[in-house]
Amino acid sequence: MIDTTKFSLADFVKSADKNIMELAKEFWEYKEDYVRRRHYQYRRVSITGSGPTMKIIDHYTGEIKEMINLASNDYLNLTKHPRTIKAGIEAVKKYGTGAGSVPLLGGTLDIHVELEKKLAKFKGCEDALIYTSGYGSNLGTISAILHENDVAILDMYVHASIIDGCRNTNVEFFRHNNMDSLEKVLKKVKDKYNTKLVIVDGVYSMDGDIAPLDQIVEIAHAYGAFVMVDEAHATGVIGKNGRGTPEHCNVEGKVDIVAGTLSKALGAVGGFIATNKELVNYLHFYSRAYMFSTAPTPQATASLIEALNVIEEEPQLRQKLWDNIRYFRENLLKLGFNIGNQQTAIFPIIIGDDYKVKEMCRELHEAGIYVNPVFYPAVPRRLSRIRISLTAGHTKEHLDRTLDVLEHLGKKYGII
């Protein structure tokens, strides 16, 4: 039996003397020790779907357990909004369950084009294209436009899909949200590459902080670089009208490429790129993730069109989300928890001890509170944390119950 206190996920990525089946067997033993310690908080199976609360099949008892769901990115609870559900059902009846082909050949439906036009307008761009996943939109776009004579200039906290998209190009990193560091890198690469692309997240998924996109655009353009922003956790959440980081930072129409997922605040699945019409046309033919994936399902597409309508027509959902964010932040800080530079619906409760994170998440699970543990190698060991996400549907009772349990555990484990 492998002792999980002496290993991390990083130890099973590759091996000099084991084949993949041997490595997988060892990792299975690692997982079994996780389960034995009741630290295994992954793939908890829901029988009710996303929501502020949900019922799961408990890993350990096999019983149905109702939990406060603080692990969802469904920020506006649009996965179960009556309007998005109705739109999806009507699309299935009209178009069937699938698009039937890749979008470049026989799979483009009129509602795909409608969604692309709506996304482009929503993001202040000329045109857009949709992918079947947010991961695919970043991977497919970046790998199509950056090659051996180009360079990606990345905030060191960008999402894994961005890093994976840069495997066939040159990469330079700058310190997180540090403009002096960004400018230093831009000076270094100024005359070396054909295409220089600065890529950042609008809202960072592990820290909940916001990129200073106005400064990034100004500095990058001054050095002849383009800017791409991933709006996964920003769309629907920040900006006066929920249009994301460009709106929040007053640079709509100035960001060269706006990317994002359709699976978080928009409540369905997929990804998008919004940019100028020429680059969208180029990606139609050269983005392999777009060309060789069947087009998004009619249900998801129609639900997403309606989700954008809801964001524009029901601002009270976003207001309720922000009421929850402000209340939860104020009380976490009052209790003495370290939440870093948290600014949005994502709350990192920084513990700095992997074992304490595992134990606290075990006890939170037992108390009926669903959160995500995050530790090395996803973050440095000194920054291991509990990650919490709020939605518009959480009630004050949900938040107060969570705060009570966190206060008890924070004191028990010497965190506060």
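Colleague: Which residues form one aromatic cluster?
Modeller: Phe 7, Phe 12, Phe 27, Tyr 30, Tyr 34, Tyr 40 and Tyr 42 do. Keep in mind that this is a predicted model.

Colleague: How many aromatic pairs does the count come to?
Modeller: The count comes to 11 aromatic pairs, taking ring centres within 6.5 Å.

Colleague: Take Tyr 40 and Tyr 42. Why is the pair edge-to-face?
Modeller: The planes of Tyr 40 and Tyr 42 are at 70 degrees, with the ring centres 5.4 Å apart. Planes over 60 degrees apart count as edge-to-face, so this pair does.

Colleague: And is Tyr 40 buried or exposed?
Modeller: Tyr 40 has a relative accessible area of 16%, so it is buried, the limit being under 20%. Tyr 42 is partly exposed, at 29%.

Colleague: What about Tyr 282 and Tyr 286?
Modeller: That aromatic pair is stacked, with 4.5 Å centre to centre and 25 degrees between the planes. Tyr 282 and Tyr 286 are 4 residues apart in helix 9 (residues 277-286), so about one helical turn separates them.

Colleague: New topic, charges. Which ring does Arg 381 lie over?
Modeller: Arg 381 lies over the face of Tyr 376, 4.0 Å from the ring centre. The charged end of Lys 358 sits over the ring of Phe 375, at 5.2 Å from its centre.

Colleague: Last one, the surface. Which residues make the nonpolar patch of about 420 Å²?
Modeller: Met 156, Tyr 157, Ile 163, Val 171 and Phe 173 make that patch. Tyr 157 lies in the loop between strand 5 (151-155) and helix 5 (160-165), and is partly exposed at 37% relative accessible area.

Note on methods: Residues numbered from 1 in each chain as written. Predicted model: local features only at pLDDT ≥ 70, side-chain atom pairs only at ≥ 80, totals over all residues. Heavy atoms only, no water. Patch = residues over 30% accessible without salt bridge, like charges linked within 9 Å, V, L, I, M, F, W, Y side chains within 5 Å. Areas by Shrake-Rupley, 256 points an atom, 1.4 Å probe, with all protein chains shown as cover. Salt bridge = Lys/Arg side-chain N within 4 Å of Asp/Glu carboxyl O. Helix = DSSP H or I, 4+ residues; strand = E, 2+ residues; numbered from the N terminus. Buried < 20%, exposed > 50% of the residue type's maximum accessible area, 1.4 Å probe, protein only. Phe/Tyr/Trp six-rings, centres within 6.5 Å; stacked < 30°, edge-to-face > 60°. Lys NZ or Arg CZ within 6 Å of the ring centre and 35° of its normal.
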